[in-house]
Amino acid sequence: SGTEPAQRMRILGIDPGLNTTGYGVVDAQGQRLAYQASGAIRIPKGSLPERLKTLFDGVSTVARQAQADVAVVEIVFVNVNPQSTLLLGQARGAAIAALVAQGLPVVEYTALQLKKSIVGYGRASKTQMQEMVARLLALPGQPGPDAADALGLAICHAHAQRGLAAVLAADHAPKAARRGKADTLSATQLRGMRTRGGRLIG
């Protein structure tokens with residue numbers, strides 16, 4: 001009998017921010033990627049607790065509607081402005097808390113992993129990300145920058161899972177069939193990634 005068709009995985013990408021939080025939903029099945037939805041949660045000015053609540057409620061609503069299997073969020077590193085990094089970290093924490101509260105496993109990738117997976121190199125611009133996301137998902141136009149990053153995170157996870165599946169398939173193949181195939185696996189898809197409790201993390 002033939003091989004069973006790959007299972008569909010619905011991935012929700014979240015690009016958190018205190019002013020705008022982008023989201024994107026992508027279905028991945030084998031080599032195929034299918035766009036489902038994307039947009040941005042606009043967070044009005046106000047006190048930090050009020051803004052965090054708006055973000056939490058917005059991500060919770062998106063997560064409920066998306067019916068995803070897994071959520072993906074970018075890892076934040078300290079940048080030139082520590083205050084901005086601190087605020088972004090709190091936004092990221094609120095988003096992750098909302099996702100976990102909806103019962104979603106959360107996977108994390110660095111900006112470098114994201115850009116390498118989508119564009120091919122780690123210093124890609126916002127515009128390049130938008131262009132490549134639109135191309136990979138065959139969109140009629142470019143998504144906004146926040147939605148593009150969120151969709152990119154979803155695609156990044158789909159690529160990583162595909163690479164992991166290839167490694168696992170090779171590990172279970174007969175030795176004779178595996179001989180000479182080691183060089184065909186994409187090491188860049190798995191570089192810098194670890195597993196914890198059976199889940200990929202950045």
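D27 is found in strand β2, which covers residues 20–29. In this predicted model, D27 is buried. Its side chain makes a polar contact with the side chain of R10.

- The relative accessible area of D27 is 8%. That is under the 20% cut-off, so D27 counts as buried.
- The polar contact between the side chains of D27 and R10 spans 2.7 Å.
- Leaving aside residues up to four places away in sequence, D27 touches R8, M9, R10, R32, L33, A34 and Q36.

- Strand β4 spans residues 70–74.
- Five of the five residues of β4 are buried.
- Both faces of the strand are covered. V70, V72 and E74 lie on one side. A71 and V73 lie on the other.
- Strand β1 (residues 9–15) runs parallel to β4, and four bridges join the two.
- Within that pairing, L12 stands opposite A71 of β4.
- Strand β5 (residues 106–109) also runs parallel to β4, again joined by four bridges.
- V72 has V107 of β5 as its bridge partner.
- From β4 the chain passes through helix α2 (residues 82–101) to reach β5. This β-α-β crossover is right-handed.

**Helix α4**
- Helix α4 covers residues 126–136.
- Its buried residues are M129, Q130, M132, V133 and A134.
- Just after α4 comes A138, with its positive phi.

- Most residues other than glycine have a negative phi.
- Q67 sits in the loop between α1 (48–66) and β4 (70–74).
- The relative accessible area of Q67 is 57%. The cut-off for exposed is over 50%, so Q67 counts as exposed.
- A138 is placed in the loop between α4 (126–136) and α5 (145–172).
- At 67% relative accessibility, A138 is exposed.

Note on methods. Residues numbered from 1 in each chain as written. Predicted model: local features only at pLDDT ≥ 70, side-chain atom pairs only at ≥ 80, totals over all residues. Heavy atoms only, no water. Buried < 20%, exposed > 50% of the residue type's maximum accessible area, 1.4 Å probe, protein only. Polar contact = N/O pair within 3.5 Å; in protein donor to acceptor, adjacent residues only side chain to side chain. Contact = heavy atoms within 4.5 Å. Pairing = 2+ DSSP bridges. Right-handed = clockwise from strand over helix to strand, strands pointing away.
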